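The stops below can be selected one after another.

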Amino acid sequence: MPDKNMPEYNLLDELKWRGLIHQCTDEDGLAKILATGPQAVYIGFDPTADSLHVGSMMQLMMLRRFQQAGHRPIALVGGATGMIGDPSGKSEERNLLSADQLQKNITGVAAQMRQFLHFHDDEQDHDGNQQSNGAVLLNNFEWMSGYSYLEFLRDVGKSFPVGAMMGKESVRSRLDSEAGLSYTEFSYMLLQAYDFVHLSREHGCLIQAGGSDQWGNITAGIDLGRRMLGRQLFGITAPLLTTSDGRKMGKTESGAIWLDPARTSPYQFYQYWRNVDDADVMRCIAYLTEIQRVEYEELAEATQADPGRRVAQNRLAEWLTEFVHGEDGLVNALRASKMLFGGEIGVQSDASLGEIFADVPSREVSREKLDGEGYWIVEALQDAGLVASGGEGRRAVKGGGVYVNNIRANDEKQCLDVSNLASATVMVLRKGKKNYALLRFV
RNA sequence: GGGGGUUUGCCCGAGUGGUUAAAGGGGGCGGACUGUAAAUCCGCUGGCUACGCCUACACAGGUUCGAAUCCUGUAGCCCCCA
């Protein structure tokens, strides 16, 4: 139950001002059932990796917002559907995952969801009311694996007009393309549609949310619900998180931004958000954070007035980093940012350097290199992996793009020795603005 | 099956038998400026044990003191005729 003492808060209004409603099957109907009491809401997650990335954050935050409004979120991981692969928005047939990999992915993803959702029914709220909207994690493999092909065709396939399937954008675009569409992928829609029916029947779930690319799958589920159960289901989609020029957010040249700190360190995560374009930052804040409307307006105004200060970017980066990686993660990210974008790196301890430069690639080099005539800087750059060849290294130094402990080195013949160490065993090399590498002398 | 054309560095694209490691552009990488931005401007952009050496203009051979540039063959792409 929603906390009676909380200020009355209308979920749909909240979603609306945040721009989170892209499409909705029956908004008035949805508003009505939301008003009647707690509802179960489901969003499906594709376990394609053992970590979620920022693309899934939208969906998780969506569930979280529902939960905060007193509703029960159902996070569905697609153990079964993941074996098939959703063709929506994909230009090619997907590789199927092995059962082992799938299990690993589900475990990893489920752990991350705890950051966003409360999974247990709380004992009682302070009015003594039973809190009963703990999130539920389900895996559709549970009900799909035992379903025989024949039964499925009789129960589900029978209620599925091919004409409607052919009309879906996801199918059509693939049929017209060269890549084509396999029967397996074509059938994906039936599985997801059936999930909705199953959840409706077993968990009383009437609402499915998702990204706008899920519209076709969601409406398929709604149709199936009407046919099989004679029940009115609802669908709501959020816009995709894209940049102002239409590219998906959360991707960099070097890959996706993950929630798992082992894949994307808090520092990288923080930096990604801090560098969001002015044109995109307010949308990110609305979509991904719980920053309230008043502050949102202030940030928008501040950005408009003086974009150079980047108050909105900083706030976004700090909010998200703390939310996903905790206070420690944020502190580390801030410390590393300060060091990496600051001036000269003075003498540090090995431990603190190691922590700050946790993301930075490091190589071990024999300490003897520093003896005698020293360690030629070009060779050091190569050993650190910052340049591919000696020639490139020389050019980089000549062009003024190489720094040792953040001090520019401009002599290509320079040799490094013990005095260039930033800590007992570590030297910090940098090429250009942001390319760091550590050398550990052992 | 016959005839013609084309093939250049990460990509596009110039190229005279002799400073051609190959014009120009794009991209990439540095630098300046800036907001750890965009735009702009500047430099670099085959390798090396480096004032020198090596490998490069589809591939293999040949003609030349000398070839990306001429000849022959092979392969890829394009066009025309049957």
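Select K431 and RNA strand B. An N or O atom in the side chain of K431 is 3.2 Å from a sugar or linking oxygen of RNA strand B. This is a predicted model, and the distances given on this tour are computed from it.

A polar side-chain atom of Y403 lies 3.1 Å from a phosphate oxygen of RNA strand B. Now show R430 as well: R430 lies over the face of Y403, at 3.9 Å from the ring centre.

For a contact to a base, go to R394. One of the polar side-chain atoms of R394 lies 3.0 Å from a base nitrogen of RNA strand B.

How many residues surround RNA strand B? There are 25, and the closest are R274, D278, F341, R395 and N435.

Helices α11 (266-274), α14 (311-340) and α17 (390-398) each supply at least two residues of the surface near RNA strand B. The largest contribution is that of α17, with four residues.

Leave the RNA and turn to the aromatic side chains. The whole structure holds eleven aromatic pairs. Select F357 and Y436: their ring centres are 5.7 Å apart and their planes are at 55°, so the pair is tilted. F357 lies in the loop between α15 (350-356) and β9 (362-365), and Y436 lies in strand β15 (residues 435-441), so this pair ties together parts that are 79 residues apart in sequence. Are F357 and Y436 buried or exposed? Both are buried.

Stay with β15 and select F441 together with Y375. Here the ring centres are 5.9 Å apart and the planes are at 90°, so the pair of Y375 and F441 is edge-to-face. Because Y375 lies in strand β10 (residues 375-376) and F441 in strand β15, the pair ties together parts that are 66 residues apart in sequence. Y375 and F441 are buried.

Two stops remain. Select F116, W319 and F323, which ring pairs link into a cluster. Finally, select R114 and F119: R114 lies over the face of F119, at 5.0 Å from the ring centre.

Notes
Residues are numbered from 1 along each chain as its sequence is written. Chains are lettered from A and ligands numbered from 1 in the order in which they are written. This is a predicted model: local features need pLDDT of at least 70, side-chain atom pairs count only at pLDDT 80 or more; totals for chains, interfaces and linings use all residues. Side-chain values use heavy atoms; hydrogens and water are left out. A residue is near a molecule or strand if one of its heavy atoms lies within 4 Å of it. A polar contact is a pair of N or O atoms within 3.5 Å; within protein, one must be able to donate a hydrogen and the other to accept it, and residues adjacent in sequence count only if both atoms are side-chain atoms. Rings of Phe, Tyr and Trp (its six-membered ring) pair if their centres lie within 6.5 Å; planes under 30 degrees apart count as stacked, over 60 as edge-to-face and the rest as tilted. Buried means under 20% relative accessible area, exposed over 50%, partly exposed in between (1.4 Å probe, protein chains only). A charge sits over a ring if NZ of Lys or CZ of Arg is within 6 Å of the ring centre and within 35 degrees of the ring normal.
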